[in-house]
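Good morning, and thank you for joining. I would like to take you through one model, from its overall make-up to a few selected residues.

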Amino acid sequence: MKGIFNFFIAIVGVLFIISCSNEPEVTTVEVKPGFEAFKDSLYKNYKADVIKKNKTLLNTLFDSVAYRSVDLVLTDRAYESKPNEAPKLKGIKLGEMKSKIKGSSKNDSAIRKYIDEFVKLRKSFLKKNLSTKSVFVNETNEIVKSEMYLQNILKDKAEDSLYIKLTNRVEGFIKTSQEKFEIIIPKNTWLKKHDTSIENKFKTYQQSKNELVKDSDSILKNNNILLLVLLAISLLTNLLLGTLWLRNRTKKTNVQESDVILEKEQASVPITSLTPLEVSDYVSQAFKKLQAHFATNHHPDCVVTQIDALKSYELVISEKSKSQQFKEIHELEQFVSPLIKKHEIQIGQKLAQILDKHSARQQFGRQLDIENFVLKYASSIISEEEIRSKVLTLKKRFYDEMPNVISKSDLEMDVQNLRESIVMAIEKMIAENSQLYFPYADTQGILYDDKKSKEKERDSAIKLTLDPKNKTCATFQLLYEYSDMMLAGIQSYDILLLPICDLKSEDFDRNGTKISQNGRDGEMILDDGKWILKTKLAIKITQ
């Protein structure tokens, strides 16, 4: 013990000598070591963040384009006869789409090939320098012009209303992505814009370092008198304790033993506090009550979506509580209650934005009224029954795919997508019902209604398009793309063409092999099962 106090005196003495030294006080000089490198690092991080955002933007664009394109091909071509059996790709990213096409038919294989082409095209884009907006705009504009899109998706349906809408939608996706593209600001401009904030951050960092050094060097110099007093007190204390130490050595052993026994007895007296297990049990019971509260006010399927969050919050609060000491339950309750209340509000807000399947169907039914489609599209071309049947089929498919729970925002988006799908399906039906195909007319220019076909056949030469308001009236064109039939018409133009076409001598090249339209469509009227010519179709024959 005496050695300890001698050591204490020595330490105080040394500190006093240091404090009395005449070394001048340290002053802080503002310096900027590595400041340029500091700015360079900030700008590099900024560029990396922008490039990463733009690449994410491109990935999202391809996800949207691929989904819309492949989904249309699936329902319109690959599974045209059974659209309800088409694989569901909604919400699936491009890289995962191929795994969803599990069929072994030629159509399924073709769809997987189309998806591979989308992936390949996206990879080629990502390899390019997309740091400038002009490059991004030029590259993304090429999507609808690419061989992949033209040959795989459009094929021979570029003029079909469904595929025209698809292209318009894809171009809309592209335009939106181009508008969201973030331009990298030149280094000097960016540094100038953020110069003040960078300077302040760097000054703060330097000052904190300098002040730490200054404080540690001057703490002794600011306490000279205090250290002198401590030195005097320590000398007197050392003399007194030395005397007491000598006296204590003469005490009997039984006194020392009694002290030891007393210390052990004092140490064995327990401190009343809640155990970690009691704390955990309390928190667990509190969260069970919270979960029961949610189950009373919300659908069980909705509450299930928040179970993981509840468990996570319970674990955090339990660990935080066990790091404290509580003598009574009410102390623990006062500590835990505000924390649980905070999470109760957060989860309550999330549950308010979630609908169970039944509630979602009710809200969906209010937002999508079949009669609105009937009023808008019913005509002599497409009946009310056909429209209702198509809408009900698509709604049933939507119901079957609906999850047990869905967020309000997702439901709103799904309803909008379904509404667009219904419109596209009805317009396709109108186009199919209003277009009839016939062989060449007879020498009187008459088409017989019993020879009509809703699909192009090998001997088809004329396409009639019915008037939606009156299906006894129609316009007509030749099927110019059917080269064999057009060549047959040229070779027998007096029998096949002249009865329904207006062909002037100056528009007739006798060595020609190609027919093209030279004005408005022709017109016909249905009368007793016969389409009678009203206005001839103006054409010309060229090489």
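I shall begin with the basis of the values and then turn to the chain itself.

What you see is a predicted model, in which local features need pLDDT of at least 70, side-chain atom pairs count only at pLDDT 80 or more, and totals for chains, interfaces and linings use all residues. Residues are numbered from 1 along each chain as its sequence is written, and side-chain values use heavy atoms, with hydrogens and water left out.

First, the overall picture. The protein chain has 21 helices and 11 strands. Here helices (H or I, at least four residues) and strands (E, at least two) are DSSP runs, numbered from the N terminus. Of the 543 residues in the protein chain, 34% count as buried. Buried means under 20% relative accessible area, exposed means over 50%, and partly exposed lies in between, with a 1.4 Å probe and protein chains only. A contact means heavy atoms within 4.5 Å. Among contacts in the protein chain with a separation of 6 or more, 71% join residues 24 or more positions apart.

Next, a helix pair. At what angle do helix α5 and helix α7 pack? Helix α5 (residues 133–141) and helix α7 (residues 161–180) pack at about 170°, with axes 10 Å apart. Axes are lines fitted to C-alpha atoms, for helices over the stretch in contact, and angles run from 0 to 180 degrees between N-to-C directions. The angle makes α5 roughly antiparallel to α7, a term for angles over 145 degrees, whereas under 35 is roughly parallel, 65 to 115 roughly perpendicular and the rest oblique. On the α5 side, Lys133, Phe136, Val137, Thr140 and Asn141 meet Ile174, Ser177, Gln178 and Glu179 of α7.

I turn now to the aromatic rings. Rings of Phe, Tyr and Trp (its six-membered ring) pair if their centres lie within 6.5 Å; planes under 30 degrees apart count as stacked, over 60 as edge-to-face and the rest as tilted. The model has seven aromatic pairs by this rule. One of them, Phe364 with Tyr399, is edge-to-face, at 5.3 Å centre to centre and 75° between the planes. Phe364 belongs to helix α16 (residues 357–367) and Tyr399 to helix α18 (residues 384–401), so the pair ties together parts 35 residues apart in sequence. Phe364 is buried, at 0% relative accessibility. Ring pairs also link Phe364, Phe398 and Tyr399 into a cluster.

Tyr377, in helix α17 (residues 370–377), is buried at 12%. Beyond neighbours within four places in sequence, Tyr377 contacts Ile382, Ile387, Val423, Ile426, Glu427 and Ile430. Asp63, in helix α2 (residues 35–78), is buried at 13% relative accessibility.

Finally, a loop residue and the cysteines. Asp528, in the loop between β9 (522–527) and β10 (530–535), has a positive phi of about 55° although it is not a glycine. Asp528 is exposed, at 73% relative accessibility. How many disulfides are there? The count is zero, a disulfide being a pair of cysteine sulfur atoms within 2.5 Å. Cys302 is buried at 3%, and Cys501 is buried at 2%.
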